[in-house]
Amino acid sequence: MSTHISAKPGEIAERVLLPGDPLRAKFIAETFLEDVQCYTSVRNMLGFTGNYKGKTVSVQGTGMGAPSISIYVNELIQFYGARRLIRVGTCGSVDPELRLKDIVIAQAAATDSGMSRSRLGQYGISFPAIASFNLIKDAVTAANHLDYPVRICTTFSSDQFYDDLAEQKYELLLRYGIPCVEMECAELFTLGSRFDVETLGILTVSDMINDEKACSAEEREKAFTKMMQIALDAI
Ligand code: HPA
């Protein structure tokens with residue numbers, strides 16, 4: 001077992017889906033996987049392994065923000081041998097053309113994260129957090145087969161959900177072609193580069209930041225199901 005995951009070696013698959021919410025991990029496992037086993041419940045951050053169309057797949061809750069996802073992804077890769085990791089989560093949209101329930105394939109992530117700065121920022125280097133080309137390709141192929149439209153774009157992984165300067169920052173980000181904001185992709189992609197494993201983010205728009213519109217619980221559920229199908233077929 002690692003510090004935050006109580007699985008035994010071999011209990012976690014090389015292919016891992018990463019929802020932020022541990023109860024969503026349970027939902028994915030119970031809805032889509034067969035022969036499911038819960039391998040960890042340390043801090044209630046649930047993780048499950050099961051079978052999906054002949055592939056062994058794990059689903060691990062990560063919590064919110066870069067420090068939290070970093071702990072789980074580090075341990076998944078370094079202790080349990082995870083090789084293909086897809087974050088499945090929500091994002092806010094700052095672009096009027098990216099609407100509620102739309103699905104985003106995050107090919108890269110800008111960030112203001114202190115974690116990123118603490119690695120290479122001291123040398124004046126801003127690290128390009130990019131998803132793996134193979135997983136982008138596989139996710140686009142899966143979405144096309146399912147006939148679900150997706151937008152491939154860059155996300156902003158923010159350290160702050162409640163940000164006093166959100167309006168100014170988001171307007172500037174949109175000018176540079178970044179239409180959505182969440183909190184975890186940049187750290188996941190950075191660890192993918194660090195440990196030479198494949199990573200991707202697939203996101204569903206859950207709130208329009210400037211409109212203050214948000215999905216109902218039911219709308220969320222349906223949109224999330226599409227995102228999960230893409231992720232499971234791609235991984
Ligand atoms: N901000 C940051 N993270 C998010 C948001 C948001 O508006 N929506 C979903 N994740």
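The model is predicted, so local features require a pLDDT of at least 70 and side-chain atom pairs count only at pLDDT 80 or more, while totals for chains, interfaces and linings use all residues. Residues are numbered from 1 along each chain as its sequence is written, and side-chain values use heavy atoms, with hydrogens and water left out.

The protein chain contains 7 helices and 11 strands. Helices (H or I, at least four residues) and strands (E, at least two) are DSSP runs, numbered from the N terminus. The C-alpha trace spans about 45 × 45 × 30 Å along its principal axes. Of the 235 residues, 52% count as buried. Buried means under 20% relative accessible area, exposed over 50%, and partly exposed in between (1.4 Å probe, protein chains only). Contact means heavy atoms within 4.5 Å. Among contacts with a separation of 6 or more, 78% join residues 24 or more positions apart.

Angles under 35 degrees count as roughly parallel, over 145 as roughly antiparallel, 65 to 115 as roughly perpendicular and the rest as oblique. A crossing is left-handed if the near helix is turned anticlockwise from the far one by less than a right angle, and right-handed if clockwise. For composition, Ala, Val, Leu, Ile, Met, Phe, Trp, Tyr, Cys and Pro count as nonpolar, Asp, Glu, Lys and Arg as charged, and the others, Gly among them, as polar.

Helix α1 (residues 22-32) packs against helix α7 (residues 217-234) at an angle of about 70 degrees, with the axes 12 Å apart. α1 is therefore roughly perpendicular to α7. The crossing of α1 and α7 is right-handed. From α1, the contact involves Arg24, Phe27, Ile28 and Phe32. From α7, Glu221, Phe224, Thr225, Met228, Gln229 and Leu232 take part. The residues of this contact divide into 6 nonpolar, 2 polar and 2 charged.

Helix α7 also packs with α4. The axes of α4 and α7 come within 8 Å and cross at roughly 125 degrees. The two helices are therefore oblique to each other. Their crossing is right-handed. On α4, the contact residues are Leu135, Asp138, Ala139, Ala142, Ala143 and Leu146. On α7, they are Gln229, Ile230, Asp233 and Ala234. The contact of α4 with α7 comprises 7 nonpolar, 1 polar and 2 charged residues.

Helix α6 (residues 185-195) has 8 of its 11 residues buried, so α6 is largely enclosed by the rest of the structure. The buried residues are Cys185, Ala186, Glu187, Leu188, Phe189, Thr190, Leu191 and Gly192. Helix α2 (residues 66-78) packs against α6 at about 30 degrees, with the axes 9 Å apart. This makes α2 roughly parallel to α6. The crossing of α2 and α6 is right-handed. From α2, Ala66, Ile69, Ser70, Val73, Asn74, Ile77 and Gln78 make the contact. They meet Glu187, Leu188, Leu191 and Phe195 of α6. The residues of the contact divide into 7 nonpolar, 3 polar and 1 charged.

Aspartate 196 lies in the loop between α6 and β10 (198-208). Just after α6, aspartate 196 takes a positive phi of about 55 degrees. Aspartate 196 counts as exposed, at 62% relative accessibility. Its C-alpha atom is separated by 27 Å from that of valine 42, 154 residues apart along the chain.

Serine 126 is found between α3 (114-120) and β7 (129-130). Serine 126 is exposed, with a relative accessible area of 65%. The C-alpha atoms of serine 126 and glutamate 167 are separated by 23 Å, with the two residues 41 apart along the chain. Serine 132 lies in the loop between β7 and α4 (133-146). Serine 132 is buried, with a relative accessible area of 12%. Not counting residues up to four places away in sequence, serine 132 touches Glu198 and Thr199.

Key. Axes fitted to C-alpha atoms, helices over the stretch in contact; angles between N-to-C directions.
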